[in-house]
Structures are given as C-alpha cells and as structure tokens.
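Here's a quick tour of the model, chain by chain. Have the viewer open as you read.

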Amino acid sequence: MSLYEEVKVHGYAEFCKAVSDRKGKDIFAYFSGNVIKMTTSEPTVRGEISHLPEGSVFIYCQVGQRDYWKNPNNDFKKTLKLSGVPTLLRYGTPQKLVEEECFKANLVRMMFTED
Amino acid sequence: MEWLHRKYDYDLVVIGGGSGGLACSKEAAQLGQKVAVLDYVEPSAKGTKWGLGGTCVNVGCIPKKLMHQAALLGTAVKDARKYGWKIKDPVSHDWETMAEAVQNHVRSLNWGHRVQLKDKKVKYLNLKGSLLDEHTVRGMTKSGKESFLTAKNIVIATGGRPKYPTDIPGAMEHGITSDDIFWLKEAPGKTLVVGASYVALECAGFLTGIGQDTKVMVRSIALRGFDQQMAGLVTDHMQAYGTRFAWGCVPQRVDKLPSGALQVTWADTRTGKEETDSFDSVLWAVGRAPEAKALGLDKVGVEVNRETGKIVVGADESTSVSNIYAFGDIGEGRPELTPTAVKAGRLLARRLAGQSTQLMDYDNVATTVFTPLEYSCVGLSEEEAVGRHGQDAIEVYHAFYKPLEFTVAERDASQCYIKVVCERGGEQRILGLHYTGPNAGEVMQGFSLALRCGATLSHLKETVGIHPTCAEELTKVSITKRSGLDATVTGC
C-alpha cells in the first residue's frame with residue numbers, strides 16, 4: 001500500500017500540469033538539476049520518504065539542462081522563486097529546504113512530519 | 001561526559017521562542033549544551049495567533065517595518081511625478097496584496113527558525129511552559145496535556161503582550177491591538193488608535209500612509225520616555241501628513257452600532273466635553289504587559305516587580321532563584337528591543353556554558369521610531385542630560401535641514417532636525433544624538449558606534465561628511481541652542 005503518490009516530471013510545463021491535476025493535495029516537490037559530477041541529495045530525501053504524510057504527493061522534477069538553469073529568467077527561478085538546486089519544498093507553503101539543507105536527513109524528516 | 005549520571009534532562013531549558021529565547025538557545029547548543037526551547041502563542045482576544053519567532057517576527061518589528069515601507073512607497077509614488085514619472089491619478093492601495101505578502105514573509109521566517117533550531121540540535125516544543133520547581137519546567141498543550149522537563153538552568157524569555165484597558169466597556173470585545181493589525185484580512189478602514197507610544201504612532205503612521213482615515217487619541221504626551229522636543233516634531237509631521245490627533249482625550253466606552261461600525265465615546269479633558277464618533281476599527285496601543293502571570297513564579301520564589309509585573313533581574317540576568325535567569329522584555333528595567341534581547345541572550349548562553357564572564361551593556365543603545373517622519377536616537381535625551389548634569393554643563397548643537405530629495409518633490413521639511421547633546425566643558429563628550437528625517441535608522445547606526453567609542457564634539461566636527469546626504473548634517477552642526485541663533489541650514 002503506498003501512502004503517497006510519486007510523480008516524475010521534466011521541466012516547468014510538466015511540473016505545473018502535475019500540480020494542477022492534483023488540486024487540494026499536500027504536494028512535496030524535489031527539484032534537481034542534471035547532476036553528473038555533483039553528489040546528489042536524492043538518497044537523503046529518499047531515505048526519509050517513508051515519513052511522507054498519507055495521501056500526499058511527491059513530485060520529482062528535473063529542471064533541465066545546465067544552460068537553461070543558468071539563465072536567471074527561467075520559469076523555475078522567475079515564477080517558482082527557486083534560488084538553487086536541489087530544492088525541496090512543500091507546495092503552497094513557505095516550507096523550503098535549499099541546497100545543503102537537502103542533505104540533512106533531520107531537516108527533510110521535519111518537513112515531512114511536522115506541521 | 002556519558003559516564004556521568006545525567007541528573008537533568010537538559011542543561012538548559014528556555015521558556016519563550018522569541019528574539020531572545022531563540023538567540024540564547026541556539027548559542028547554548030552551539031557551545032555543546034543540551035537545550036530545549038518552549039514556545040507557545042496564546043491567541044489574542046480576537047483569536048489571532050502565529051508561529052515561532054516571538055513578537056518581533058510576527059507582530060512587531062518585521063511586519064511593522066514592511067507596512068511602514070508600503071506607506072513610504074505611497075509617498076514616493078506621489079513624489080515620482082515631480083521627477084518626471086507619468087503615473088495615473090489616483091494611486092490606490094490594496095490591503096489584501098500587502099497583507100498577504102507581509103504574512104508570507106513572516107511565515108517564511110517562522111519556517112527559517114524551525115530549520116535553524118533543528119539544524120543546531122535545539123529541541124523545540126510548541127508547549128506553554130511554566131515552572132514547577134527550580135529545575136522542572138511543565139509544558140502544556142492546547143488541550144491541557146502536561147509533560148515535564150528537568151534542567152540544570154532555566155531561562156525565562158517570554159516577553160510581553162499588548163494591554164487592553166480594563167475600565168472601558170466594549171474595549172476588549174470590539175477593539176484590536178498590534179497583535180491583530182498585521183494579520184487582518186481586510187483593511188481596518190477608518191481607525192481610532194488609542195495611545196501615543198511608538199506602537200501607536202507607527203501604526204497610525206502607516207495606516208495614514210496607505211490611505212486609511214486615522215485618528216490618534218492621546219491622554220497626555222506622545223512618546224513618553226523619549227526626547228520630548230523630538231516627539232513633538234514627529235507628531236507635528238504626522239498631523240501635517242494627514243493623521244488626526246485628539247490631544248488630552250480619554251476614551252470612555254466603545255459600542256457596536258447596527259451597521260457594524262464602532263461608536264467611541266470619549267472625554268476631552270481640555271474642554272470638559274464628551275464627544276463621540278464612529279470608526280471601523282479601534283486599535284488599543286496603551287502599553288504592554290509582561291507574560292509572567294502563568295509562569296508559576298511566586299511558587300518557585302522568582303521575584304517580580306509589584307508595579308510592572310516584570311521579573312527582577314541582576315546585571316547578569318539572574319533572578320532571585322540561583323539557576324533561573326530572565327531577560328528580554330520580561331526583565332524589569334530592560335529596553336523592550338530585539339537587538340538587546342538577542343545580544344543579552346547570547347552572552348547569557350556563553351556565561352552559562354562557562355565560556356565567558358562578559359555582561360550585557362545596555363547603555364547607548366540606538367533606536368528608531370518608524371513613524372512617517374522617522375526618528376532615531378542614541379544616548380541621552382536633552383531632558384535626561386539636563387537632569388543628570390545640569391543645564392549649565394550641557395551644550396546642545398542643532399540644525400533644521402532639508403533633505404535634497406525633498407526639493408524637487410516639493411515636500412515640506414519643517415520637522416527635519418538634528419540635535420547633538422554634549423558636555424559643555426572639557427572634551428565635550430557627546431551624550432546624545434537625535435535625528436528626524438528619512439532613513440533615520442540607517443543614519444544613526446554608524447553614529448552609535450561613535451558614541452560607544454567615546455566620541456566628542458571635535459571628533460564629530462573633524463569628520464568629513466558624505467555629500468549629498470542627510471547624515472552629513474550631523475557632522476556640520478555649529479549653532480547652539482544657547483546662542484538663540486537661527487538653526488536652519490543654508491545650502492552648500
């Protein structure tokens with residue numbers, strides 16, 4: 001039995017569609033760049049995923065290529081106000097973990113479990 | 001230390017998660033102490049509540065400064081036309097847009113504090129804390145469920161809350177306080193602000209600035225405790241700027257009309273007459289009361305000042321109970337300011353961890369009142385200086401100046417003023433600096449460092465000003481009050 005729904009998307013348009021298709025749900029979104037050499041915080045986030053609230057949604061979003069991300073006018077930066085990747089956020093709330101914070105299991109768990 | 005039997009659950013338990021409590025607990029944790037902080041917000045009479053961070057973050061400094069900025073921008077937009085910008089008349093303000101943006105920022109700060117505490121390994125408990133005994137804190141949930149924590153040291157940093165008048169029928173049922181104003185979903189409309197503290201004037205100031213019909217009701221004087229000449233300039237400006245003032249008036253009752261509006265009846269002590277008027281909102285800004293009543297202080301023997309209700313504290317923030325400390329707004333005689341609470345909290349944490357003996361220095365703390373014409377000061381007021389040293393031993397240099405930006409904007413600068421209070425003899429050490437004008441806080445911060453370093457009048461006069469600024473006028477003062485000469489600055 002899965003307590004939460006996981007959705008994988010690429011790019012801003014797909015992300016927006018995934019969100020609008022799930023109105024009213026508790027949505028957690030993890031934004032990742034195309035990491036080749038960098039260490040990813042994905043294992044940390046996935047390690048805490050069992051703590052997601054029941055009925056919530058976890059969107060794993062690849063933001064796109066490096067030059068797209070570097071452009072300060074890209075939709076993620078302009079509209080979603082992302083300042084860096086990776087970012088883990090709770091959609092529609094000020095709850096956000098950015099970059100190094102995503103590597104800290106206790107912070108990820110706090111976002112998934114506390115109000 | 002694992003092999004030693006841990007006598008207490010925590011090295012330090014802090015009751016109160018505001019500016020002081022958070023700074024103290026984080027510093028203590030960083031120094032290796034096992035720390036827990038309890039924060040709990042009792043909803044206001046109107047039901048307003050908020051998250052972690054205390055008064056400053058939620059219902060004080062932060063939302064206040066943002067709304068003050070909203071008001072200043074309104075004035076700037078009007079000035080802009082004179083500078084060539086083509087802006088359609090009339091310019092209007094939307095409360096909902098401003099409130100949502102401000103509230104969202106505050107919520108991001110609540111979250112930021114949660115992350116910081118977790119990251120620094122401070123245990124955060126959303127419980128109402130009170131003392132059971134010198135080493136035990138009781139934490140209570142909203143539903144009344146109790147839990148207990150034992151601690152080697154306990155710190156009380158519970159701050160204060162706005163007072164409601166107790167003798168005015170309808171005050172609590174129909175009025176709001178600063179706890180509510182920043183969280184209103186709709187504009188307060190025609191507002192009566194009762195009080196003349198900086199809270200009252202700042203709120204009345206930004207409400208006027210965003211277009212609300214605002215009246216301030218003052219019993220006696222404005223900005224009690226501040227330099228009264230400067231207080232007069234602040235209120236003169238507010239009156240010229242559109243805030244109505246009812247001096248020497250005392251509210252007697254508040255009734256709700258069938259229309260939903262509030263009818264306020266008051267006594268004008270100057271005419272002896274009774275007056276009434278109706279308002280959409282009544283904001284009580286008549287003082288703040290310490291959050292000390294429900295702490296169980298008398299049971300444990302923590303001494304409280306009978307008159308103020310605040311905790312009696314020593315220079316090291318100690319109370320009458322050896323392992324219990326108190327600081328911030330809850331401390332008797334302490335400034336009700338965030339930066340002093342933060343600094344005192346950090347120094348206390350260092351002393352408790354045995355890392356330092358340094359005490360908090362509460363002298364020469366600069367502050368700013370964010371009224372439409374801002375007022376900043378550091379050191380003594382003119383009255384205090386005269387009181388301590390005598391009129392003959394004091395020299396007051398002053399100047400009425402005009403900010404350059406006001407010229408093109410055709411703005412009245414009658415209340416833009418600077419005052420340097422110093423010793424008359426010897427090196428003429430500066431005792432106090434006072435400034436009304438734009439960006440008052442930014443102007444004063446650097447000068448407060450100068451005061452800390454023992455700046456004298458010569459130091460000030462030898463300092464070359466940055467041109468063209470308002471701040472440079474402080475370095476150019478030359479006319480004394482004693483001379484009786486015109487203190488208006490002429491162009492360069």
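## Chain A at a glance

Chain A has five helices and five strands; these are DSSP runs numbered from the N terminus, helices being H or I with at least four residues and strands E with at least two. Read from the N terminus, the order is β-α-β-α-β-α-α-β-β-α. With a radius of gyration of 13 Å, close to the 13 Å that the globule rule gives for 115 residues, chain A is as compact as a globular protein of that length. (That radius is taken over C-alpha atoms, and the rule is 2.2 Å times the number of residues to the power 0.38.) The C-alpha trace spans about 40 × 30 × 25 Å along its principal axes.

A word on the ground rules: this is a predicted model, where local features need pLDDT of at least 70 and side-chain atom pairs count only at pLDDT 80 or more, while totals for chains, interfaces and linings use all residues. Residues are numbered from 1 along each chain as its sequence is written, chains are lettered from A and ligands numbered from 1 in the order in which they are written, and side-chain values use heavy atoms, leaving out hydrogens and water.

## Helix 5 of chain A

Of the 115 residues in chain A, 43% count as buried. Buried means under 20% relative accessible area, exposed over 50%, and partly exposed in between, using a 1.4 Å probe and protein chains only. In helix 5 (residues 105–113), the buried ones are A:Leu107, A:Val108, A:Met110, A:Met111 and A:Phe112.

## The cores

The largest nonpolar core has 42 residues, of which B:Trp95, B:Ile181, B:Leu201 and B:Phe206 touch the most other members. Such a core is a set of buried Ala, Val, Leu, Ile, Met, Phe, Trp, Tyr and Cys residues joined through side-chain atoms within 4.5 Å. Helix 7 of chain B gives the most to this core, with six residues. Apart from it lies another core, of 25 residues, including B:Val378 and B:Tyr397.

Leaving aside residues up to four places away in sequence, B:Trp95 touches, among others, B:Met67, B:Ile181 and B:Leu207. B:Thr235 sits in helix 8 of chain B and is buried, at 4% relative accessible area.

Most residues other than glycine have a negative phi, and most peptide bonds are trans. Now for some exceptions. A cis peptide bond joins A:Val85 and A:Pro86, with omega about 0°; A:Pro86 is in the loop between helix 4 (75–78) and strand 4 of chain A. Another cis bond links B:His467 to B:Pro468, with omega about -5°, and B:Pro468 is in the loop between helix 14 (457–462) and helix 15 (472–475) of chain B.

As for phi, B:Glu410 has a positive value near 55°. B:Glu410 is in the loop between helix 12 (404–408) and strand 20 (417–423) of chain B, and is exposed at 61% relative accessible area. B:Asn439 also has a positive phi, about 50°, and lies in the loop between strand 21 (430–436) and helix 13 (440–452) of chain B.

Key. Contact = heavy atoms within 4.5 Å.
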